Amino acid sequence: MTPYYITTPIYYVNGAPHIGHAYTTLACDVLARFKRLQGYDVLFLTGTDEHGQKVEQSATAAGMTPQAFADQNAANFLQMSRAIGATFDQFIRTTEPRHYTAAQGLWRTLMANDQIYLGSYAGWYSVRDEAFYQESELLAGRAPTGAPVEWVEEPSYFFKLSAWQQPLLDFYESHPDFIAPKSRFNEVKRFVEGGLRDLSVSRTTFKWGVPVPGDPSHIMYVWLDALTNYLTAIGYPDLNNGDYQKFWPADLHMVGKDILRFHGVYWPAFLMAAGLPLPKRIFAQGWWTNEGEKISKSLGNVIDPYDLISTFGLDQVRYFLLREVPFGGDGDYSKAAMVRRQNQDLANDLGNLCQRVLAMIQKNCDGILPAPGAFTAEDDALLHAAYHLHGSVAEHLEVQAFHRALEAIMAVAGDANRYIDAQAPWGLKKTDPARMATVLYVLSECIRCLGLAMQAFTPDAARSMLDLVSVPTAQRSWADLAADKALVPGTPLPVPAPIFAKYIEDSADAH
């Protein structure tokens, strides 16, 4: 089996999980599920980033030890990942002993390669961003993110980032798909072209972190520590470990656009300096707003994934988040858009299609999948569109174009609904029962293809669709979305049950 290694960023335990965290994890889950359907040996990693000054300060404010604070909040992220149906293989925490081993192992390698030296740091630091900023980057005395900064002076180890400016630019030039979308790639290149300074990679003014090997008065800079998690999960620093040999370099790091610099500049430089292969691709997705407003705790408009799921349903939320906006751009959540997607796309186009077709088979064919006659040009056109999903969905997901993949699937559902209206099988029972049988067979086969194509996106609903046309469990891989795996006439079908309910506004919710 071909390996495929996909990672979410590890989420900072300083706050509660929100829609942005769910969105990133969901995107990775869809790709992980899809690659498994294709027969890949998938490793899907998520987890939490638990060190740094911000965590130490927050723990103190909460009257807790940093470890107890991290334990409590890491559990929230683990619960969130499960709540959105994420099929992760590992949930990593940077407070695990294996991670200390990996992070210190990377430090030792960088030291041995003469990539780290001791000096002193004086400059602007944002505790909130866990990032250093140059004077020229500050806006009205704050970080570009709006976070407050403080002047820090302390002894520090430095990583020779400046030495990797040209190697990074050469790598970007020879790997034009390394960072996506293209606009983000261009941002990263411009930043590196502007000149790289050596990076402070240790702190002495607080203690919550991975101790620097050989000098425990310093702790490792939280980003050098955190980024190493992608190696920790596969047994680093043991380069002969089976998982490291199998899964590194990672196929895809999925990150938020706010942490792209760390992943697109620092991480490749650390890896180059350690003599390790670079990941194959980094994708930076955008941010969500709520009804057109930036999401913030102070505005009280944080979108809680649990509230969404309890209100609309898990598959409906998964579909909406990946269908509503082009992945990589910023998106706006609105209840009206969510309801529209649920009612029109899912309940009408997909759910009603299944209900109409399979209810007719129960009524007119005694619940037995009818045998088709010769296919007409209209039959062939619909079946061709359905089988074509095998290639088009895979092609879109290969470049993380989730909305395009779902557009392609829903286009076939639309074709099927227009076909059923044009063929009017309900009127053929008396006039041409053989033709009715063919039409119902073609539509059932279309439902099978749609069910197979939706498995990674709406797994529970897709399972129900495939159950309704009696597709054996062993015939639900991606390779089965093909004409030679078509439904067998004469197969008994269960009485259909609704797959997607319409969202009806509760009178208590109405304004």
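The largest cavity here has a volume of about 30 Å³. Keep in mind that this is a predicted model. A search of the whole structure turns up one cavity of 30 Å³ or more.

**The cavity**
- Ala22, Leu26, Ile84, Leu314, Val317, Arg318 and Leu321 line the largest cavity.
- Helix α12 (314-323) and helix α1 each supply at least two of the lining residues.
- The largest share comes from α12, which gives four residues.
- Sorted by class, the cavity lining has six nonpolar residues, one charged residue and no polar ones.

- After α1 comes Gly39, with a positive phi near 95 degrees.

**Helix α14**
- Helix α14 covers residues 377-398, so to speak a run of 22 residues, and its first and last C-alpha atoms are 32 Å apart, close to the 32 Å expected at 1.5 Å a residue.
- Leu389 is itself one of the buried residues of α14, and others include Asp379, Leu382, Tyr387, Ser392 and Leu397.
- The buried residues of α14 pack against α1 (19-37), α15 (402-423) and α17 (433-454).
- Just past the end of α14, Gln400 takes a positive phi of about 60 degrees.

**The second largest pocket**
- Now for the open space: the second largest pocket has a volume of about 460 Å³.
- Its lining counts 23 residues, and Phe132, Tyr133, Gln134, Arg197 and Asp198 lie nearest the centre.
- Two or more lining residues come from each of β5 (116-126), β6 (131-133), β7 (150-159), β9 (199-200) and α10 (260-274).
- Strand β5 provides the largest share of this lining, with four residues.
- By class, the pocket lining has 13 nonpolar, five polar and five charged residues.

Notes
Residues numbered from 1 in each chain as written. Predicted model: local features only at pLDDT ≥ 70, side-chain atom pairs only at ≥ 80, totals over all residues. Heavy atoms only, no water. 1 Å grid on protein atoms, 1.4 Å probe; cavity = no way out; pocket = protein on both sides within 12 Å on 5 of 7 lines; lining within 4 Å. Points joined across faces, edges and corners; volume = space filled by probe spheres on them. Nonpolar A, V, L, I, M, F, W, Y, C, P; charged D, E, K, R; others polar. Expected span 1.5 Å × (residues − 1). Buried < 20%, exposed > 50% of the residue type's maximum accessible area, 1.4 Å probe, protein only. Contact = heavy atoms within 4.5 Å.
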